Amino acid sequence: MKTSVNKQVLAYGINIFLSVLFSVLITAVFIALTAWLMLKGKVSAGAERIILNAIRILSCIAGGYLCGKRNKIRGFLWGLPVGALYCGILLMVRKTTGSPLPLKPVSTITSVISCLAGGMLGGML
């Protein structure tokens, strides 16, 4: 009995990890595409913030969707840790690359909420 529970917990953890990895890969692809479009002059610098926010939210939705479908029950609850881990990865990358965190805590809180909500929404789909 105990080993089957441990295997189930391990499977859930692997599903969350793979979903977060999927979200990060989607983010990398779309950021590279956005950078290429900006280099070609087809995207203005003012639209950059909107595009990056959309990429972040859509990546969390995709990761939450993948995790919710793989775990099959209570998808919104499985999408929440995907969004939380994705947001944690974003904050760690920002800190390790030397980018300062936003001076206004409201923008950080908005970023965290959008990641969590995106993961939950993806899990519900």
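A crossing of two helices is left-handed if the near helix is turned anticlockwise from the far one by less than a right angle, and right-handed if clockwise. That term is needed at the second stop. The model is predicted: local features need pLDDT of at least 70, side-chain atom pairs count only at pLDDT 80 or more, and totals for chains, interfaces and linings use all residues. Residues are numbered from 1 along each chain as its sequence is written, and side-chain values use heavy atoms, with hydrogens and water left out.

**Whole chain**

Start with the protein chain as a cartoon. It has 4 helices and 0 strands, in the order α-α-α-α along the sequence. Helices here are DSSP runs of H or I with at least four residues, strands are runs of E with at least two, and both are numbered from the N terminus. The C-alpha trace spans about 60 × 30 × 25 Å along its principal axes. Of the 125 residues, 27% count as buried (under 20% relative accessible area; exposed is over 50%, partly exposed in between, with a 1.4 Å probe and protein chains only).

**Helix 2 and helix 4**

Select residues 48-71, helix 2, and residues 105-124, helix 4. Their axes come within 6 Å and cross at roughly 35° (axes are lines fitted to C-alpha atoms, for helices over the stretch in contact, and angles run from 0 to 180 degrees between N-to-C directions). The crossing is right-handed.

**The largest nonpolar core**

Next select Tyr12, Ile16, Val20, Cys67, Trp78 and Val82, the 6 residues of the largest nonpolar core. Such a core is a set of buried Ala, Val, Leu, Ile, Met, Phe, Trp, Tyr and Cys residues joined through side-chain atoms within 4.5 Å. Helix 1 and helix 3 each supply at least two of its residues, and helix 1 gives the most, with 3.

**Tyr12 and Trp78**

Keep Trp78 selected. Leaving aside neighbours within four places in sequence, Trp78 is in contact (heavy atoms within 4.5 Å) with Tyr12, Ile16, Cys67, Asn71 and Ile73. Tyr12 counts as buried because its relative accessibility is 17%; Trp78 does so at 18%.
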